[in-house]
Amino acid sequence: MARFHLHLLSDSTGETLEMIAKAALAQFDDTEVLRHFWPMVRSQQHLDRIMGEISTNPGLVFYTLVNENTRSRLEETCQKLGLPAIAVLDGVTDALEALLGQEAKGRPGRQHRLDDAYFARVDAIQFTIAHDDGIAWEDWEEADIVLAGVSRTSKTPTSIYLANRGFKVANIPIVPESPPPPSLYGLKRPLVVGLTTAPERLIQVRRNRLLSLSQSPDTDYVQSEKVESEVKYARRMFADNSWPVIDVTRRSIEETAAAVINLHNERKAAGRTGQVGPKPI
């Protein structure tokens, strides 16, 4: 197994750098990566202290630094130590400069500025938390997206992920014994998306959930026929209301959210403003 040190230096929070590194490393198997994360590097004094640690644990250096003096000092020091230093955003920034005919602003953390988009994202997160698991259904018309599905189909984590992307999301559990409020079927503004999964996978997830809570796994909640009936009930509801459906069986939260965003964007581009379909079961 390959083992190496990876140093991530950023003059802001480092979230972008971490995501890029994670995406790149996911392409390689049998590796043990010792990550060293260095955010908010905005002075040469700070950089010098970090370089002492890097020289002690030499390895690959990824960085996103916009200050020219700090960048130059890092590159020169890494060259003296014989370490590769990669400016992971330079290629993208250069392409945009050429296309737009202007130079990048070069401001650390500019994507995190407190503008209208930032506060809209905060508002979306607050709305989503307040409308989890069928709560406050009276406000669903204010949502951008409503996720529906049986228990343990990743509704809540997908909702939170979407909220961090700026979408107001509500979610509702589909329970045959407790039908959703009638307002669900008359929503005009939000996109309603049904989440479904394979019964076998659902049973496994629910059983693990019960065990983690030290509860008995021998209940209707994980009984095969009961679970299959639940899933069929939900799928019939989705079909009868012409709601788009996403199977989350083999999808990560990020992949499910991406599929939902695609549906939302397609609907927006098509200019549709309501849910069209038969009455609920």
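Predicted model: local features only at pLDDT ≥ 70, side-chain atom pairs only at ≥ 80, totals over all residues.
Residues are numbered from 1 along each chain as its sequence is written, and side-chain values use heavy atoms, with hydrogens and water left out.

**Stop 1: the open sheet**

Select strands β1 to β4, which form an open sheet in the order β2-β1-β3-β4 with parallel pairing; strands here are DSSP runs of E with at least two residues, helices are runs of H or I with at least four, and both are numbered from the N terminus. Two strands count as paired if DSSP finds at least two bridges between them. At the edges are β2 (31-38) and β4 (85-87), each of which pairs on one side only, and the twist from one strand to the next averages 20 degrees.

Helix α2 (residues 44-56) lies across β1 (2-10), β2 and β3 and runs at about 180 degrees to β1, whereas helix α3 (residues 68-81) lies across β1, β3 and β4 and runs at about 170 degrees to β3. These angles, which go from 0 to 180 degrees, are taken between N-to-C directions of lines fitted to C-alpha atoms, for helices over the stretch in contact, and contact means heavy atoms within 4.5 Å.

**Stop 2**

Move to strand β5 (residues 145-149), in which five of five residues are buried, that is, under 20% relative accessible area, with exposed meaning over 50% and partly exposed in between (1.4 Å probe, protein chains only). I145, L147 and G149 point one way from β5, V146 and A148 point the other way, and all are buried.

Then show strand β6 (residues 169-173), which pairs with β5 in the parallel sense over five bridges; I145 has V169 as its bridge partner, and G149 stands opposite P173. Both faces of β6 are covered as well, with V169, N171 and P173 buried on one side and A170 and I172 buried on the other. Strand β7 (residues 191-196) is likewise joined to β5 by five bridges in a parallel run, and there A148 stands opposite G194.

**Stop 3: the annotated loop**

Select G149, V150, S151, R152, T153, S154, K155 and T156, where an unreviewed UniProt entry places the feature "binding site"; UniProt positions are given in the numbering used here, feature names are shortened, and annotations may be inferred rather than shown by experiment.

Within this selection, is V150 buried or exposed? V150, in the loop between β5 and α6, has a relative accessible area of 3% and is therefore buried. Leaving aside neighbours within four places in sequence, V150 is in contact with residues including K155, I174, L195 and E230.

S154 also sits in the loop between β5 and α6, but counts as partly exposed because its relative accessibility is 28%. Not counting residues up to four places away in sequence, S154 touches L195 and I253.
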